[in-house]
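Please keep the sequence and the model at hand while reading.

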Amino acid sequence: MRFIIAKIRQYIFPLILIVVALIIIIKSYTPGTTLSGWDTLHPEFDFGLYFKRIFTVWQSHQGLGAPPSQSHIGDLPHAFILWIMSFLIPLNLLRYTYILSMLIIGPLGVYFFLNENIFNRNKQSQIFAFIGGLFYLLNLGTLQNFYTPLEMFTTFYGLLGWLLWAIINYLKNSNRRNLFIVTIITIIFASTSHTATLWYIFYGSLGLFLLTNMTINKFQKNLIKKSVFLLILIFLFQLFLIFPNLYYAKNYSKYVTLSKINRMGSNEFFFRGQKRGKIKDLALITNFPFDWKVYDFSKNSPAPQMDQWENHVQTPFIQIWGAFLFILFLIGIVLSFNKKNHLLMAFVPVFFLCFFFLRNANFPFTSFFLFLRDKFPLFSEMLRFPFTKFSILYMFLYSIFLSYAFY
């Protein structure tokens, strides 16, 4: 009994995170329904057919047939996990279970990343790791990523903290156990690459973080070896999704800018992103989902997708609370330099990268952003929705610097 009580005390904050996430999950489930959403994949409807499709570079089911602009093979780990789950869970609950489980897995990853790497498992400072995990769970960016869910984004949300936790552990101690953990999480993380841009941005951000970390630590020989090895290892384990994407880019990329969806929607998408690039939106982590509309059958007319949440965000208390947390977030960045926390300092260039793209064509980046958009058409197509590509990274950084400011 004493052992159980001791374990509960030791893991009280992760348990609280799990309970809060479970409450949200229960409230989010509608009995007797199947969860669908944005660009839904639904491999569970016919696993055999789905596996057959993702192993080819010609998608015969898309219109009259088309080469895949997306890395369908990257969804293999997710589809395999669903297939294993299908032996235990009813079909209509499979997607619910996978996606909503990320609301538990993601905040726990942030908690253990902070507790073990920023606060060094200090018992008194577990509360601050808990604050980081709780913010990662309850912020409006999480709401938007799960409101119209797509597996690659929810997987990214769930595994980002754990993958960075595993990478930092390997940099500290390059034993076989830590290498094995990095490998397993990297393989599952491939499910984030259904649209390969998301994975490329993560990989580039990881490289930026590791380079900054090496610079801060004065290019220690051992650290350089470990960092380069990790970048090569992660790249090699993702080649199965990179090769099909490069094949498409080499042979068919010109058709992206000529596509009907590009001609119809790209300008609108750009202006929506620009509109939501205000400092207020960066503070509250609100973006284009707050501007989308869905058809309201009861009124026979379109209605705001997140009308109740928009009313919530406009209340004075939420505006003030969001500004307060954002100021603390920025203070946390400053304090990482003041206190010479090398690990947090290495994340700052990644923050500036996220800030640039989420700020969009607004001061002081207006001219440069418009230059990139006008001169590089593929740039504007690949990043039509900067929020979907950078918001989760931004939420992670927001969480860790906010918790450090409280600490």
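Helices here are DSSP runs of H or I with at least four residues, numbered from the N terminus. The model is predicted, and by this numbering F180 lies in helix α9, which spans residues 176-189.

**F180**
- F180 has a relative accessibility of 55% and therefore counts as exposed, the cut-off for that class being over 50%.
- Between F180 and A190 there are 10 residues in sequence and 16 Å in space, taken from C-alpha to C-alpha.

**The second largest pocket**
- The second largest pocket has a volume of about 970 Å³, and among the 38 residues lining it, L137, L138, N139, L140 and L143 are the closest to its centre.
- Elements that each give two or more residues to this lining include α2 (12-28), α5 (91-118), α7 (140-147) and α21 (386-406), while α6 gives the most, with six residues.
- The lining of the second largest pocket is made up of 27 nonpolar and 11 polar residues, with no charged residues.

**Nonpolar cores**
- The largest nonpolar core holds 112 residues, of which F113, F347, Y394 and F396 touch the most other members; helix α8 (residues 151-172) supplies the largest share of this core, 15 residues.
- Leaving aside residues up to four places away in sequence, Y394 touches L282, I285, F326, F329, F351, C354 and L358.
- A second, separate core has seven residues, among them F290, M306, V313 and I318.

Notes. Residues numbered from 1 in each chain as written. Predicted model: local features only at pLDDT ≥ 70, side-chain atom pairs only at ≥ 80, totals over all residues. Heavy atoms only, no water. Buried < 20%, exposed > 50% of the residue type's maximum accessible area, 1.4 Å probe, protein only. 1 Å grid on protein atoms, 1.4 Å probe; cavity = no way out; pocket = protein on both sides within 12 Å on 5 of 7 lines; lining within 4 Å. Points joined across faces, edges and corners; volume = space filled by probe spheres on them. Nonpolar A, V, L, I, M, F, W, Y, C, P; charged D, E, K, R; others polar. Core = buried A, V, L, I, M, F, W, Y, C linked by side-chain atoms within 4.5 Å. Contact = heavy atoms within 4.5 Å.
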